[in-house]
Protein chains: 2
Amino acid sequence: MENFFHQSPTRVHFGEGAVSKLAGEIAALGIKHPLIVLGRSSAKKTGAYDDTISALKRLGLMWEELWGVRPNPTLGKVLEGVEIARRAGCDSVIAVGGGSVIDTAKTIAAGVFLKDVWAAFDRNGGSRLIKKALPIVVVLTLSGTGSETNATAVITNEQTGDKWNIGSPHIVPKVTIMEPKYQIGLPPKLTATGAADAISHILENSLGAEGHEPTMFVNVAVIENIIKAAGILVRKPEEVSWRKSLMWDAALAFGLGRLSGLGVRGDWLAHAIEHAISGINPDIAHGEGLAVIQPAVLKMRMEENGELPILKRLAGVLGLKSAQEVPEALWEIFAGWGLATSLKELGITEDMWETIYQKAVAFRGTTRAFGEVKREQVFKVLGYATR
Amino acid sequence: MENFFHQSPTRVHFGEGAVSKLAGEIAALGIKHPLIVLGRSSAKKTGAYDDTISALKRLGLMWEELWGVRPNPTLGKVLEGVEIARRAGCDSVIAVGGGSVIDTAKTIAAGVFLKDVWAAFDRNGGSRLIKKALPIVVVLTLSGTGSETNATAVITNEQTGDKWNIGSPHIVPKVTIMEPKYQIGLPPKLTATGAADAISHILENSLGAEGHEPTMFVNVAVIENIIKAAGILVRKPEEVSWRKSLMWDAALAFGLGRLSGLGVRGDWLAHAIEHAISGINPDIAHGEGLAVIQPAVLKMRMEENGELPILKRLAGVLGLKSAQEVPEALWEIFAGWGLATSLKELGITEDMWETIYQKAVAFRGTTRAFGEVKREQVFKVLGYATR
C-alpha cells in the first residue's frame with residue numbers, strides 16, 4: 001500500500017433542498033461580487049440559474065456572468081472569464097453546471113493571478129505556478145467528472161488541440177451544492193457518459209492495486225453501484241433514488257480528496273489517449289471516448305501484466321469467470337447504455353493513430369502503475385478499440 | 001437516500017515516514033505551546049513519543065504532558081488536562097495514542113473553553129455548548145475508533161458510570177499522522193478489538209440502508225477488507241501491508257466526515273448497550289463488548305424488520321445463504337480473533353439487565369433507522385448475547 005496525503009475540505013450539501021444552503025455559504029465565505037460561470041441553456045431549464053441568482057439577490061450582491069461553456073471546455077472561454085473577473089474585480093467564481101463548467105471556473109479562479117494561464121498546464125509541473133485562486137463555489141447540475149470536490153481541471157487549448165489538466169489544492173471548491181432536482185430526468189446519453197467517466201476514473205486511479213488495499217475493495221463496490229444505477233437511469237431518467245446514488249458515486253470515483261486513488265498506484269493511460277482523441281475532435285464526449293478506450297487499455301494491461309487484482313475482483317462482482325472477460329463485459333454494459341464502443345463509431349481511423357500516440361505521451365509519458373508509455377502499447381490499445 | 005452534509009478537513013499523512021511531516025504541520029498551525037496527551041507506556045515503546053518530542057524540539061517549542069489515559073477514558077483525566085492546559089496557557093493539544101487518548105485530547109481541547117465540561121455531554125444537545133476548541137493534532141498509535149479523523153469523543157463519567165459522547169466540528173483533528181511503524185506487531189487482542197469496533201461502526205452507521213446507496217455498497221466492501229486484514233494480523237502481527245489496510249479501514253469505518261453514514265440511516269443501539277456495559281465495568285474493552293452485542297442487535301433488528309439490505313449484501317460477501325446467518329457468522333469470526341462472544345464471558349449477568357437498559361436509553365432513546373428503543377428490545381438483545 002502506497003503512502004499518501006488526504007484531505008477533503010469541500011463543504012458538500014447533498015440532497016433535496018441542498019440549494020437552500022447556498023446563500024449562507026456564500027455569506028460565510030465573505031463573497032461580495034462573484035463571477036458566475038455557466039454552460040449553454042440547461043442551467044435555466046433546471047432552475048439552477050434562478051436558484052443561484054435568487055441566493056445572490058437575497059444577500060444584496062452584484063455579480064457577473066460568463067455563459068456558453070461547452071463540453072471539452074476551451075482556453076478561449078477561460079481567458080474570456082479571466083478578463084471579466086479582472087475588469088469587474090470579482091472576488092470569487094460560482095460554477096453552475098457540470099464538469100466542463102466547473103473546470104472552466106477553476107481555471108478562471110486560478111487564472112486571474114497568472115500572467116500566462118496556459119503555462120500552468122505545462123506537463124513539467126506547470127501547476128506549481130498556481131499559488132492562489134479565488135474561492136470557488138459549485139452548484140452541480142451534472143455528475144460524472146468528480147470535479148465538484150477535487151483539485152483538478154481539464155481544459156483544451158483550441159489552437160494546439162492539447163487537452164491538458166492542472167492540479168492544485170487552491171482550486172478545490174470551497175462549497176458544492178449537490179441538489180438532485182437539477183439532474184432528475186437527465187437525457188440518457190448524459191447519464192451514460194457521466195457514468196462511464198466515473199467508472200474510468202476509478203479504474204485509472206487504482207489499476208495498479210496489489211489486492212489488499214481498502215481502496216481497491218471500495219472501488220469495485222462503487223463500480224458495481226454505478227453499473228446498477230446507470231442501467232436503471234438510462235431507461236428511467238426520472239428515478240430519484242438511483243439518481244442520487246449516481247451523483248455520490250461520481251464524487252467517490254474522482255473526488256473527496258482522491259479517495260479512489262489512496263494507497264494504490266494509478267494508470268491514466270486511457271485518459272491520456274482519450275484526451276488526444278477528443279482534442280482532435282471536440283465533438284466526441286469525454287465519457288463516450290472513455291467507454292471505447294478504457295476496456296481496450298484493460299485488455300492491453302492484462303496481456304502484459306496478467307490478471308490485475310482489481311479486475312479479478314470486478315470479474316467476481318460482474319459474475320464473470322475471469323478478469324480476462326472484464327473488457328468485453330464493460331463494452332457490453334456501455335453499449336447497453338447507448339454509448340459507442342468502437343473507434344469506428346467515433347470516426348477515428350488508423351491514419352490518426354500516430355498523432356494520438358504523440359498527443360497521449362505529451363500528456364502523460366509515464367504512468368505510476370506501469371511506467372513508460374510505449375508506442376506499441378498505444379497502438380495495441382487503438383487496435384483493440386477499433387472493433 | 002437521505003440528505004447529508006460532508007466535509008473531511010483533517011490533513012492526513014499516511015504511510016511510512018508520515019511522522020516526518022509533523023513538525024511542518026505544527027509550524028503551519030502556528031502552535032507554540034502544546035499539551036501532549038498520552039496513554040500509559042506504549043507511546044514510549046513504539047517511538048511515537050520520541051518522534052513527537054523531537055519534532056517539537058526541532059521547532060524550539062516548550063510543551064506540557066498529560067500521561068496515563070486508560071481505555072474507557074475518564075472525565076477525571078480530562079479535567080486534569082484542562083487544568084494543565086489553562087494553567088500553562090497551552091494553545092493546542094497533541095494526542096499521541098489511540099481512540100482513548102484522542103477522545104481525551106478532543107475533550108480537553110473543547111473543555112478549556114467550557115465552565116462545566118460534562119454539561120457538553122448532556123444528551124439533550126449538550127454539544128451545542130462547544131463554540132470553539134484548541135487545535136488538535138493526532139499522532140496515531142492504534143486504529144479502531146476512527147476518532148483520528150472524526151468529530152466525536154466518548155468519555156466515561158466515573159462518578160455516574162455514564163459513558164457518553166460529544167460531537168462537534170470544532171473537535172475534528174486538524175492534522176493526523178498515520179505512521180504504520182507504531183502499530184506493527186500490535187498485540188492480537190488490540191488488533192481484534194479495534195477491528196470489531198470498526199465493523200460495528202459501519203453497521204451502526206448504515207443498518208437502515210435501503211439498498212441502493214453507494215455508502216451501503218462501500219461499507220460492505222470495507223467490512224470484507226477488515227475481516228481479511230484482522231484475520232491475518234491476529235496471527236501475523238508483523239505483517240505490514242494488511243496492517244496499513246486495517247489502519248485505513250478504521251478511518252473509512254467512522255472517520256473522514258462520517259463517510260460510512262452518508263445518505264443512510266443509522267442504528268447505534270449496539271453502542272448504546274455497550275457503553276452501558278463498559279460504563280458498569282470499565283475493564284471491558286469497548287471493541288470486545290461490541291463483538292458480543294453487535295451481532296445480537298442484528299438478530300433482533302432482523303426479527304422485527306426482516307432481512308436488512310446491508311446484511312443481505314454482507315451475507316453474499318461472507319458466502320452465507322441468507323442475512324439470517326450473519327450474526328452467528330460474525331460471532332464466529334470474532335471468536336476466531338480471540339474475542340469474547342457471550343456476555344457470560346464478560347461477567348454480565350441477568351440481574352444487571354435493567355441497569356443496562358436504563359443506561360442505554362439514557363444514552364440514546366431513539367435511533368434514526370428504527371425509532372424508539374424499547375425495554376423488550378434491549379432485553380432481547382441481552383438475551384441473545386448471553387449465549
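**Entry 1: helices 9 and 10 of chain A**

I looked up how helix 9 of chain A passes helix 10 of chain A, and found a right-handed crossing. I am working from a predicted model. Helix 9 covers residues 269–280 and helix 10 covers residues 286–305. I noted an angle of about 140 degrees between the two, with their axes 8 Å apart. The two helices of chain A are therefore oblique to each other.

Next I listed the contact. Helix 9 of chain A brings residues including A:Leu269, A:Ile273 and A:Ile277. Helix 10 of chain A brings, among them, A:Leu290, A:Ile293 and A:Val297. I sorted the residues of this contact into eight nonpolar, five polar and two charged.

**Entry 2: the largest cavity**

I searched the whole structure and got eight cavities of 30 Å³ or more. The largest has a volume of about 80 Å³. It is lined by 14 residues, and B:Ser143, B:Gln183, B:Thr191, B:Leu246 and B:Met247 are the closest to its centre. Helix 6 and helix 8 of chain B each give two or more residues to this lining. Helix 6 of chain B gives the most, with five. I counted eight nonpolar, five polar and one charged residue in the lining of the largest cavity.

**Entry 3: the second largest cavity**

Which residues line the second largest cavity? I found A:Trp248 and A:Leu252 from chain A, with B:Pro214, B:Thr215, B:Val218, B:Asn219, B:Val222, B:Leu252, B:Leu259 and B:Ser260 from chain B. The space inside is about 60 Å³. Helix 7 of chain B gives the most to this lining, with five residues. I sorted the lining of the second largest cavity into seven nonpolar, three polar and no charged residues.

Technical notes. Residues are numbered from 1 along each chain as its sequence is written. Chains are lettered from A and ligands numbered from 1 in the order in which they are written. This is a predicted model: local features need pLDDT of at least 70, side-chain atom pairs count only at pLDDT 80 or more; totals for chains, interfaces and linings use all residues. Side-chain values use heavy atoms; hydrogens and water are left out. Axes are lines fitted to C-alpha atoms, for helices over the stretch in contact, and angles run from 0 to 180 degrees between N-to-C directions. Helices (H or I, at least four residues) and strands (E, at least two) are DSSP runs, numbered from the N terminus. Angles under 35 degrees count as roughly parallel, over 145 as roughly antiparallel, 65 to 115 as roughly perpendicular and the rest as oblique. A crossing is left-handed if the near helix is turned anticlockwise from the far one by less than a right angle, and right-handed if clockwise. Contact means heavy atoms within 4.5 Å. Ala, Val, Leu, Ile, Met, Phe, Trp, Tyr, Cys and Pro count as nonpolar, Asp, Glu, Lys and Arg as charged, and the others, Gly among them, as polar. On a 1 Å grid over the protein atoms alone, a cavity is a set of points where a 1.4 Å probe fits but cannot get out, and a pocket is an open set with protein on both sides within 12 Å along at least five of seven lines; lining residues have an atom within 4 Å of a point. Grid points are joined across faces, edges and corners, and a volume is the space filled by probe spheres set on the points.
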